[in-house]
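Student: I am new to this structure. Can you show me how to read its features?

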Amino acid sequence: MIRSDAPVLLEIRDLRASVEEQPILKGVSLTIRAGEIHAVMGRNGSGKSTLSKVLAGHPAYRVIGGSVLYRGEDLLALEPEQRARIGLFLGFQYPVEIPGVSNLEFLRVATNARRQQQGHDELDTFAFEDLVHERLKVVQMDPAFLERSVNEGFSGGEKKRNEILQMALLEPLVAILDETDSGLDIDALRIVAGGVNHLASADNATLLITHYQRLLDVITPDYVHVMAAGRILRTGGKELALELEESGYDWVDAEIERLEATLAPGIALEVG
Amino acid sequence: MPAAPMTSAATVGDLVSQPYRYGFVTDIETEKIAKGLSEDVVRLISSKKEEPAFLLDFRLRAYRQWLQMEEPDWAAIGHPPIDYQNIIYYAAPKQQAKKASLDEVDPKLLETFEKLGIPLSEQKRLSNVAVDAVFDSVSIATTYKEKLAEHGVIFCSISEAVKDHAELIERYLGTVVPSNDNYFAALNSAVFSDGSFVFIPKGVACPMDLSTYFRINSGDTGQFERTLIVAEAGASVSYLEGCTAPMFDTNQLHAAVVELVTLEDASIKYSTVQNWYAGDENGVGGIYNFVTKRGQCRGDRSHISWTQVETGSAITWKYPSCVLQGADSIGEFYSVALTNNRQQADTGTKMIHVGPRTRSTIVSKGISAGHSSNSYRGLVQIGPKAVGARNYSQCDSMLIGDQAAANTYPYIRSQQPDARIEHEASTCRMSADQLFYLQSRGIGFEEAVSMMVSGFCRDVFNQLPMEFAAEADKLLALKLEGSVG
Amino acid sequence: MVAIPVGELRPQARTSPGQHWLTDLLASLPPSDIAPLASRQRQAREALAAVPLPSRRQETWRFTDAAAIPLIPAHPLEAPSAPIALPAPQPGVLRLVLDGRRDPLAGLTLPAGLERLAPAELEPLLGGSLAANGAAGTWPVLLNGALATPVLALRVGLALPTVLELVSDTGAATGVLGLRVLLVLEAGASLEVLEVHRARGASLTSVVVEARLGPNARLRHGLLAQGQAPQPGSIEPAGSAPAAPVLLHHLAVVQDPASELELIAAVSGFGLARLEPLVVQSSGAAFTRLRGLQRVDGSQVADTHSRVLFAGPDGRLDQVHKALADGAGRSVFNGAVIVPREAQRTDAAQLSRSLLLSDRARIDTKPELEIVADDVRCAHGATVSRLQQDELFYLQSRGIAADQAARLLLRGFCEEVLADLPAPASLWRPLQALMGEDPLR
């Protein structure tokens, strides 16, 4: 839902980042307002996953330029946990397994860290159990998964549901979902998408990072951005995704070539 | 363009290992004997403690045996040779004989223990734990003695026990760990200074937890404490041991002996949180912790349980063991050993099944970080008469960083077909990705480390008395700061 | 301590029965004249004189009584009085009989892809796999080097359809036999080997097999060690039990990336059998599958000391070792797995399962895991028990007699390993031999 007067939640300006001294993001700008659903599409290696990791503060990625404001605050100055506490959420493409750490306890500690930040009381174990059982319904997840270690031995689909469960508990203002559709069969996709739609509201925003149209069939984006070689090449409405689906990414290559040619001096400067 | 701080990678480095919290030295006048070991030194220690003849004989026999023995070198441990003539074998704060009341104890000593979190005074002492506080070579105070005496429980320093309960000492001392058991046990038997004695009479469940806190203060003193715990038929006790030492750039030798005896239906639960100074990040200084701990389940259906959290010492050699003689007796070993920087730990247990239907459980969790080396070395031995014996062992290693070593050497020896022994081991790691995942859900770095460590160690922490478990959790997280990421 | 003059010390050390035995053995060996290895043999003989015989004072022999070695007559294996009868080889099998005397390749036409290494090629390769596995200086390897033995050295250049059968059978002969094999599998080559060693006299068979697996090479190696107690009452003085056969076997392998090694070993019937499968994954990224099964009865000792070293990342190990201990037998398993810093992403699993079947038998197992890399999966497990009561009961409840049920379960326990042997192994009736019930012998 686009409202031009809605408050800006995330303002990314000319963001540049590298991993192991290799520049991956080469100047990304993006403004996300409350109530909006954005989709970033692109091929593997286009930098779209890097964008999500940088926003969440993964230590392996180094910001070398640009800025990110989260509700007017410098996001990049914050620790990953602080970003989460003020309402930024990253749904991982490959959620890690953490043996020995109980899923339920993990969810409770995370939820309370967010609540504390918001000035709410921490939930005791009983109150939290009530909450988590209510939120389980959003993703139609078996409560048995609460008793297991975080993501340990979960199937691909179960891991993704666990991600959306966390989102349902943390109630983020900006949710970034990195390839949430990968590895899901059609039923699981529908459940996960249903969860995302359920959680979307006029007060929050969602950034979907995806390779395929099929996620966008079930979650309708307000904006679609096509990313390649570390930049956003084109922005449009949901029809842009359909266009990509039909014509493929070939035009992107041509565009990149053109862009690289015009930007060449700038790139040389950047490297120097 | 200012580089934005990118969280963990930078900040973890900045946090760095927290300084050792207990590294201070108490400035107190100390009576020390001259460095070096000889028969005269052994006699001097014995006379200072006004010991009966049987004990002097015990010491001298041990000393002569020690002279004939060779320092072991079989563990995966490397250290420069120890000069046994360069160690002081007796150091005591200058206050005469143990005081009847705490008011007479040097306030500096009380202050020291308070700083260590072990208040001893009437007003502040822990409400449910009786404490024996040992400072260098002597016990300076024991709390709740009178209350325990009402139940017939004896809890005092071993020096006092030698005077007041000589017959018990003579009956039990050296019967579990003979003076010639090994090099360091022989050394301890010759020169042991102080330690705790616990006696729980028949049928008594000790009304509170008992605890001994060992503090090494002098830089050139060896600590050779001796602990003896006897639980008569049907008796039970839970005992805790804690230890710290100041930071010195030299190494101090700690060669303790602990003996436990349980008679029929008795049970002893022995918990240790070992936090001796471990040396700095380059491996300079720290305690050499070479101790012999052994329990003997003499009576049928008796039970000995060792729980240890080993975080300190430059080098640890320690194998708390159970000799399961009584039919249906039970031995347990729950261990967390954490090594960081240049620490070396070689620890484990021996479960010697002698009697029929004896059972043992071993749960060992090793965490290796930095350039440290952490070895589990265990022996499960099933003798020919141990019909129906059972053992279950689980040894898990967690590796943090690619410079740390985790070794596992679980020996199994069985001579009894009607026995069942099972051993499982696994390794895992704490990775930057796992920590980031937790952080990205709003969980702070320290808490994330602590969650992962306590998840890994849960089976062991569950065995610790409540207040120790929380303490152990924090201690481990603290020790690991700066080693992940 | 009182210093002992050196002159007094030496003869004292020499008086141990083991050293006597060795001195006698060395004196009985023919001079080193087998080119191109004469100088190596001389070196091994000199080195051997300085290394003590295996004893329980040494950590690697701590659980293993090697007293059976010096009971073997100290001379080269005597020639058999009559040729040993072996079952006819199965089709598709190339059998090479190793007796330490004749060239097993003499008069043979080798199949395409299999060729003998020329002496000049052999020289730089021989001993390389042993050295890479840190075994070049151990007593059994030196003993093998000291024995005058032609080396069977073969190169495999492609996927060989023929199964190579290497057989030694010392029959009732006494004395010491040394056998040495070197296999070089070039990139992409594959080979199935079945090694069979049989003995029933007071003999010691010393075997060292070295193998080098090039990239993508595959070696499937079956090993049947089928000893038998000597028939009493032949040559020994009345009252003393005849010395039982001894087998000392090393298999030292160096694996290049993407190669696969599968070793399936079944051992029984020797008075003392010591197997040392040693594997180095030279740059990791290879697959090693080890299967061992050993059974002891009477006063036999069987000992497997395996060691797998990952010298690079992404290596895999799948190891299962099984043991059956009956009578007053002793079974020893020591399995080392070494994962140094460079071996990230190693995936190693080791399982040891032992059945203790008698009150007088003993089982010692000792896995050894040494890990310095953090991103690895290393699991190991060990169990020691007798047959499971509930399994026995299940079979009995279906009308099967207790002893028959036990036999069935034992067979199942063994078959899990034996089923993986190269197919021609069935000729040697591995299960019957293992259980000591081979009617053919």
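Student: Which strand of chain A holds A17(A)?

Tutor: Helices (H or I, at least four residues) and strands (E, at least two) are DSSP runs, numbered from the N terminus. A17(A) sits in strand 1 of chain A, residues 8-19. Bear in mind that this is a predicted model: local features need pLDDT of at least 70, side-chain atom pairs count only at pLDDT 80 or more, and totals for chains, interfaces and linings use all residues. Residues are numbered from 1 along each chain as its sequence is written, while chains are lettered from A and ligands numbered from 1 in the order in which they are written.

Student: Is A17(A) buried or exposed?

Tutor: Count C-beta atoms, placed from the backbone: 20 or more others within 10 Å means buried, 12 or fewer means exposed, and in between is partly exposed. A17(A) has 26 C-beta neighbours inside 10 Å, so A17(A) is buried.

Student: Which residues does A17(A) touch?

Tutor: Two residues are in contact if their C-beta atoms, placed from the backbone, lie within 7 Å. Leaving out residues up to four places away in sequence, A17(A) touches several, including I24(A), V54(A), Y61(A) and V63(A).

Student: How do the strands of chain A pair?

Tutor: Two strands pair if DSSP finds at least two bridges between them. In chain A, four strands make an open antiparallel sheet in the order 2-1-4-5. Strand 2 (22-33) and strand 5 (73-74) of chain A are at the edges with a single partner strand each, so one side of each lacks a neighbour in the sheet. Strand 1 of chain A pairs with strand 4 (residues 61-70) of chain A over eight bridges, in the antiparallel sense. Within strand 4 of chain A, L69(A) stands opposite E11(A).

Student: How many residues does each chain bring to the contact between A and B?

Tutor: Chain B gives 28 residues and chain A gives 30. Helix 1 (8-15), helix 9 (432-439) and helix 10 (445-461) of chain B each supply at least two residues of chain B's side.

Student: What about chain B as a whole?

Tutor: Chain B has eleven helices and 24 strands. Of its 485 residues, 60% are buried.

Student: What is the mean pLDDT of chain C?

Tutor: pLDDT is the predictor's confidence in each residue, from 0 to 100. Chain C has a mean of 88, and 92% of its residues reach 70 or more. Residues 1-14 of chain C fall below 50; this stretch has three contacts in the model beyond near neighbours in sequence.

Student: And the scores for the model?

Tutor: The ipTM is 0.82 and the pTM is 0.82.
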